[in-house]
Structure formats: structure tokens, C-alpha cells
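Thanks for coming. Please have a look at the model on the screen, and then I will go through two parts of it.

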Amino acid sequence: MSAAWPELAAFERELYACSNCGYCVDGAWPARGLDGPCAAWNQHARAESVTGRGFLALGRALHEDAALADASVAERAFACTQCGACASACPVGLHPHAIARAVRAGLVARGALPDAALDLRQALLTCGNPWGDDPATRDDWSAGLVPPGAPDLLLWPGCAAAHRAPAEARAAWLLLARAGHAPAFAQGEPCCGAPLRALGMDTDAAVLGAGVAGPLAQAGVPVVTPSGACAGALRAAGLEVHSVIEVLAADLAAGRLRLHPHPGAPQRVGVVDACTHARPTGPGPDLPALTAQVLAAMQCQVVQTHAPAFAPCCGAGGGMAQLHPQSAARMARARAEALAAAGAQALIAGAPECAVHLADHAGDALPVYGLAEFIAAHCELSA
Amino acid sequence: MNWQDQLAALVPGGAALTDPVDLLAYGRDTSVLAPGSAGLVLRPADAAQVAAVLGAATRLKVPVYARGGGSMYAGGVNPHAGGVVLDLSGLDRVLEVDPGRGVVVVEAGVRFTRLARVLEPYGQTIGIVPLTAPVGTLGGAINAHALGTGSPRHQSLADEVVGLEVALADGTLLATGSAAFGAGHFFRQAGGPDLTGLFLGAEGTLGVITKAALWLHPAPRVRQVLCLGFADPAHAALYLEDLQRRELLGCVWYGAGYEQASVRARVRDDPDPPGFVVGLELGGSQAEVDGARDRLVELAGHWQGRDYPPFAQAYFEALRGEQSHWYTFAGYFAGRRTAILMASMPCAGLAGFVEAVGRWRAAHAEFGWAGATVLCRRGVHAAVLMFYDEPAQWAAAQARLAQVARELLALGAVPYKSGKVWGEAIQAQAPHAALLARLKAALDPAGVLGPGNLGIVVPS
């Protein structure tokens, strides 16, 4: 084990199990929905150092105390969206993105972070969101909504929905209420810490997560969130967490909610599943499949250009949008343009962090919605 | 200006990597061989840039290693002599599909599965598709003599090449076959000896392939697997020889042989599995497949063989269906590295090969062992799979594999998938090696193309 990179010790088996096959770089198997899983290879740099195979080679070198400049290591390690498509593509069951995250954690320990990562950390710690938006505006999405006296669940919008996609947060609450739930909603919530964990800032992430978990636990009801990243962080803090997608699908299946699409509503929709939904790290419902079920209830045909497990990231993840904004924008545009070319009339993002990023950069390729937002905008609802 | 900057200036619009972190991933392929360490990685955008780089590298005496997907297991892309790695994945265009001539022309960096998608609307396929198809490139596979799906019909990818465009060490671009006469690709031999053949399986030592023209074939509408169990490898070998001699492989798109240990590992509920199993994938129309199946099963009976569905159900159907192209040997032995050595032999060598794998398994239990064979139009390719742990067993695995190579030669096998792993064996055949050296001296006098590959030494 390298004394300089103890963060890699847990990955020693993986570092030396890589068969160097290259599926994680640019594997193409269109019949299975695999066609270039690495968004960084596709849109950031044609250098293997930003791909799964590259992170495994880097991990081995660091583990063996190779003399590599921290700045060079950081530039590559922070060019990963942390989407996990490389892990899905890997025939051997490795997790190259986790090794990239471990390298990030090592760089945090060494105080060798790029300025953009430090700026992002500052925004998250002081404002509770990656954009540095005024924390006082976080609750604006819920203006006029009356929390129930005896809630049965608590809606946690997350910073993306609260600050940048308020229509999605509001629509989620309204749909839950129409389905007969009594959804409370978090107010004055700080960051759950998920973006900090993706950056390798585990201590900061744990502190924020614990700070959030306490008050949420006191609510005594399950948490429901549209955010895949928040769901992971809140579960790691010990809470019972469900996706809005999961709850809506159950409500539709049980007849607690019925959707009546407006005439002229889009019938062919492209879906960009959140990476955290498409490549979960633990057991749970198949959220991409449930998303398709919900859209089927609206008589929408789902258009996909990749299998969810192998789809390259839209660019919202891993700090990419803040550390490499031009590459992240290209990632978003590429997903939107591919779906438009495949015949989609609208783009549904499975999580608000993706929806915000795609809406910012899809250009005129497709209109972008969160799932709840899309339903609310194009359906009459009945219970 | 240093040599890196001089070469990088020749690929405007491409990528040039010199940072040590960037160079790490380009040190090796999937082989057991030690990685090399290049000083530069270039990703040219077109053939003209490839040729320019080779010309300059020759003047500067900088080694050049051409690389596609990096998924081969012969060490051909490991830059043991340093220098520059040419990442050809940027040459990724399908240039022409000509159903009339039955030819497709592609740049060297096209991956097989992307080519298949382009050919699908035409109802066509190419003759050989290797198991590394999702990551392997046409250029790399031609360089390494790929085999796989199609080998029982078409032998190897080299046999399916109509012509090439090759960048030579002097910086020129050469078209081979009928294209050399400006007539496009429709005939392999034109105007004398088969110059195309010089570059097939040459591991980039005589030139760098930039384009390839391949024969097209109608894609089979129906695919079906058939597994046949035989009493022992000797009877399976006689069966395969019979099929090849009678040319009954027209509907067989893939064939592989499995020793009893491999069968037993997958068919757990058969206490007495066959001594050897031949897995076949049949392709064609339904009538063709049904007829072929009946014929193949009937003929197997003459050689103590029988239909053996359990192996199809336990493994072969998945391998050729949803698992096809999956890097199966890696997937099945996750957690250990796989060293592969491939050799070619007549069918009659099958029994000896299986016996040898058993011997190695017993004598060197520190490694895992498997033997597999791939059926060709004539003969078979035999693959030794040796599973080892890196880094603890790396050096020992290299030494063991070198010994395995010597023992395979003693069995009457010949090198296949050359790269560096068979370098010693190639050099030991004096007349063969001498001719390779003379060709090398003529085409690459500075010795910059793939130094170490095939063991060729440029005579001083």
C-alpha cells in the first residue's frame, strides 16, 4: 500500500484485476445500447487518462508511488462526471469511477485541489448549492403551499430543484398531494453533502449529511426526493428515502392518480435517466423502468439512444458543470441532439440536477422537463 | 524543438499527449507482457497525418507503435522501445459500402460493432468478427490476424481483406490490390505478388494500415446454436477434420471446442460430461440451418458424438446470444488477470493440446488454466488461457507463458497472433526470420515501426 495514497488501499484488488479491454473507454455494442459510455472521452478530451481504463492505470501508478505531479493528477481526476457508466460497461465488475473519486479524496488530503473545486466547495458550504445562489431564496418554490398537519411523507427537493427548477419541485409536491398523500416539505434546508462526496470531500460531506439527517429524522416520515444525488446522501445518513418516480409509479398502479394528457401533448419523449437512478449502488426499484411506466400512463412512447446502464452522463455530475463547463455543456448538447435525431419531441430528465443542466445547454434541440413538471404541464389529473 | 514537438506539429486537429499521467494508459494492451513507456501519444485525424508522422519518425529515429483499441493480448502495442504511440481510433469513418462489388472500405480505427450497425440496413456483414468487436478496430485486428465469428467459413480476417492503404516508414501512402491501379478495391491480387499480404498480421512492423477494404457477405437471417459432445478430444478432432474435408461448414459461423474441465465447470448437474464438447453457431435461412443441423448431428454420430444440449443451455447459447462479444474470459474469471497465448494447428493436434493443458493444470496449480479452440475453415486455433494475479505473479506468469509457447511448438503448433509473445519462436526459424528481416530492412530501414514486434531485428 502506498503511504502517500492510502485512499487507494481499498481498491487494490480492482487496480490489478483490470484486463485492459477498453469497454469503459469507447465500447460499442449498439444491440445492447452501449455506444461510447464515457462522456469525458466523448466530449472532454480524447485522452484515456480521463476514462475508466486511464483511472485504473493512474490508480496503479499512484499505488506504486510513481512520481506524478499533483496538478496533472488533479486535472484528470476532476475530469470525471462520476456517472458510473464505466462500471456498468466493465465485464470484470470493476468501478473505475470510484477509483477516480478515491484519487480525488487523496488530493483533498494533500491539499492539491484545483481552484474550481475549491470554489465549488465554498459555494456548497456557504450557500448550500453549487451555483452560489442566495440561500434565502431556497424556499421560494413552495410559496403558497400549505404543509399538512399530519404528513405521511416529506418532500426534499434538493438544491437543483429548489433553486433552479422550482417548477419541478412544485409539481412534485402537487402530484403527491393529488394522489392523496400529505406531503410535508423541508424548509430552510441546507445542502445534503452529495456534491461534496462526489468531489472526494468526504469529511465535509459527512458533516453536512449528519446536519441534515437529524431534523429530517425527527419528522418521523419517509423522505421523498426527485434528486438521485440527494437520495444517496440521505440514505447514507440513515434515512428511509424514496424517489418521486417510485411513489408516482406506485400511485398510478394503485389508481390513486390518473393522468389525462392534453391534446397535443408530446407523444414521443426522450429520457435522460439520472446516473444515480440508472446505475444504483445498492438494491432498489428500477427507476428507469418506472419512469417509462409513468410516461406510458401518459401514452408517451419513450425514445432512448442508449441503454440506461450504459448511457454517457449529461454532464451534470461529478462537479463537471463547474470544473469544466464547456465540456459539460457539450455533454448535455450531445444527449439532447441524439434524442432529437431519434425522434423525441421533448426531453425528460429523471432528476432535477440533470434537468437544470440539460435545460441550460440543450439549446433548441428539445424542450427539457423534469418528470413531475412534464406531467403537470401536459396532463389533467384525477384521483 | 524536441522530437515530441516536431511530431505533434504534424497532427493539427488531432491530439498530442506528453503529460506522464496521460501516457500511463497507453503502456500496455491486455497481454501478460510488461508495459512500455512512450514519450508521446498522437491521435491523427487522417491517413495523411499518419504518413507524415511515420516519415518524420524515420528521420528522427523515433519508435512508433500503432494502436487501435488496445484490446489484443500479444503485446504488439506495448511501447517497449519508448517513442510514440499512434492512437488510430481517430480514423473512424466508414468510407464506402459497395453492395455491387461486395466490398466495404473503412478507415483503420473503425470498431467492428459500429461497422455492423452501418451494414445492417444492407443486410450484409463482414466475414470475420472477433470477440473483441465492441472495442477492437479493423486496423488493429488485421494487424493481429483476428479470428472469431466467421472463421469456419472464412478462416481469418486476413483472408477477408480485399486491399489496404498503408502508411510506410518513408512517409508515403501505398494502396494495395486492385486499388493500386486506381480502379478501387475489387480484387486482392493485381500486378504480381500479393502485396496486401505483407501487412496482414505484421503487427505494424512493415507499415501502418490506414484503410482496409473487406468482402461483404449476406448476414444470416437465423442463428442457432448446436453443441455436440464427444467421448474425447481425439474423436472430436476426427469429426472436425471430416467437416473441413467435406466442406460442410458453409452454415457454421462460429465453432469452438471445450475440454472436459471447462464443460464440468459450467454443466454442474451432469456427473459424467462428455470428454470434449464442440459448440457451433449455425447461420442462414431457417431451412439452411435446419438442414445443416441435421447433417452435423448425423455426422457426429460417426465419431462417437451426440447432441449435447446441457452445454448450450448452461453456457454456449448465452455466449453466442446476449453475451456474444462480451469479454467472456475476463468476466468468468473476475479478479484475476488472463494471459492468452494462441497457436494454430491441424485438427489432429487437438488431443495433444488438451492433454498439455491438463499437464500444465496439474504441474502449475498456482495459476488457473483453461484451453479453448476456435474452429477454422481448415485446422483450429488453440488458445491457452492462464489466470494469474498481478502484481504478485506477474513475472512468474510471463516466464510460464514463454515455456508454454515452447511446448506448443513442440506439439506441432505454429504461432498465431504474433505481437511480441511469439517473437522468440519466430526468430528461431532462421529462413523465415531472415526473410522478415530483409523485408523489414527494405521497408523500415531505421527500424522505427513496432520495434520488438515479431522479434524482427533490423540487420545492421
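Axes here are lines fitted to C-alpha atoms, for helices over the stretch in contact, and angles run from 0 to 180 degrees between N-to-C directions. This is a predicted model, where local features need pLDDT of at least 70, side-chain atom pairs count only at pLDDT 80 or more, and totals for chains, interfaces and linings use all residues. Residues are numbered from 1 along each chain as its sequence is written, chains are lettered from A and ligands numbered from 1 in the order in which they are written, and side-chain values use heavy atoms, leaving out hydrogens and water.

First, a helix pair. Helices are DSSP runs (H or I, at least four residues), numbered from the N terminus. In chain A, helix 10 (residues 166-178) packs against helix 20 (residues 371-378) at about 70°, with the axes 7 Å apart. The two helices of chain A are therefore roughly perpendicular, a label for angles of 65 to 115 degrees. Contact means heavy atoms within 4.5 Å; helix 10 of chain A contributes residues including A:A171 and A:L175, and helix 20 of chain A residues including A:L371 and A:I375.

Next, the two chains. Their contact takes 35 residues from chain A and 39 residues from chain B. Together they bury about 3,200 Å², 57% of it on carbon and sulfur atoms; buried area is the accessible area (1.4 Å probe) lost on being put together, summed over both parts. On the chain A side, A:Y16, A:Y23 and A:W29 lose the most area to chain B.

How many salt bridges cross the interface of chain A and chain B? The rule, a side-chain nitrogen of Lys or Arg within 4 Å of a carboxyl oxygen of Asp or Glu, finds 7. One salt bridge joins B:D19 and A:R76, with the closest N and O atoms 3.7 Å apart.

Terms used:
Buried area = accessible area lost by both parts, 1.4 Å probe. Parallel < 35°, antiparallel > 145°, perpendicular 65-115°, else oblique.
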